[in-house]
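Biologist: I'd like to learn how to read a few features off a model. Could you walk me through some of them?

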Amino acid sequence: GGRCTLVSDSRYMGDSGDDPVFEEESCRSSKVIRLGEHQPSVAGRARFFADKCGLPENLARLEEFAGANHDEGKRDPRFQAWLCGGSRLQALRYGSDLAKSVSIAASDDMRKKARELSGYPRGGRHELLSSRMLEAAGIPSGMDEDLLLHLVESHHGRCRPLAPEVEDSAGVMVTAKGKEIPCATGLEQIGSGVAERFWKLIRRYGWWGLPYLESILRLADRRVSAEEDKE
């Protein structure tokens, strides 16, 4: 057999010196984009790609559902404040949760200051909370739960197999389908099940099959984001 080399890339892991990189491709836009606009668009595009790729109905429906829920973790009120330069009041003025904002500072120092003002934890990842919110809301019957959670967790390249480390002791809660759950996901812990899920899916879908399924959601998200920014 061949050898597998693990390469550590600080940009990939979201750590840029003193403060994690703010995902510009995920959150910065030339205009305000709400979750109620962005997620349905990603869901539709993921379904389109899945159908064109010839995926069976069960997997095409799963890709669509993943797209419809992939950014739910952005509903963390601290993340919303971060999108608004650190101001929770400004976030509340929008009246609905944002997916992208024009208020994200261009410099690392200003983004760090906005994060600190918002209270969002250093290294926090919205896609991890999205996964927990899906679990709390309930997975549709007949859907591959492991694959659904993995697609959401990994749509920015993490959780293959480990989730990034984050310390969040603030006790902030968020609502998922009427259920209150903590924003501190605990998925960075070695026994969280994230790594086990990844390897289980590798065995189920193959070394190339799993990345192929991941790429459909990831490409749908990126294409929709690019189009939103141009409109």
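Biologist: Which residues is serine 130 in contact with, leaving aside its neighbours within four places in sequence?

Modeller: Keep in mind that this model is predicted. Serine 130 touches Asn69, His70, Asp71, Glu72, Gly73 and Val152, once neighbours within four places in sequence are set aside. Its own place is in helix H7, residues 126-137.

Biologist: Is serine 130 buried or exposed?

Modeller: Buried means under 20% relative accessible area. Serine 130 has 0% relative accessibility, so it counts as buried.

Biologist: Where is tryptophan 208, and is it buried or exposed?

Modeller: Exposed means over 50%. Tryptophan 208 reaches 76% relative accessibility, so it counts as exposed. You will find it in the loop between helix H9 (194-205) and helix H10 (209-230). Together with Trp199 and Trp207, Trp208 makes a nonpolar surface patch of about 480 Å².

Biologist: Now the backbone. What is the phi of cysteine 159?

Modeller: It is near 60°, a positive value in a residue other than glycine. Cysteine 159 sits in the loop between H8 and E3, and it is buried, with a relative accessible area of 0%. Lysine 177 also has a positive phi, about 55°, and is not a glycine. Lysine 177 lies in the loop between E3 and strand E4 (179-182), and is exposed at 70% relative accessible area.

Biologist: Which peptide bond is cis, with omega near 10°?

Modeller: Look at the bond from arginine 160 to proline 161. Proline 161 is in the loop between helix H8 (145-153) and strand E3 (173-176).

Technical notes. Residues are numbered from 1 along each chain as its sequence is written. This is a predicted model: local features need pLDDT of at least 70, side-chain atom pairs count only at pLDDT 80 or more; totals for chains, interfaces and linings use all residues. Side-chain values use heavy atoms; hydrogens and water are left out. Patches are made of residues with over 30% relative accessible area and no salt bridge: like charges are joined within 9 Å, nonpolar side chains (Val, Leu, Ile, Met, Phe, Trp, Tyr) within 5 Å. Accessible areas come from the Shrake-Rupley method with a 1.4 Å probe; for residues, only the protein chains shown count as cover. A salt bridge is a side-chain nitrogen of Lys or Arg within 4 Å of a carboxyl oxygen of Asp or Glu. Helices (H or I, at least four residues) and strands (E, at least two) are DSSP runs, numbered from the N terminus. Buried means under 20% relative accessible area, exposed over 50%, partly exposed in between (1.4 Å probe, protein chains only). Contact means heavy atoms within 4.5 Å.
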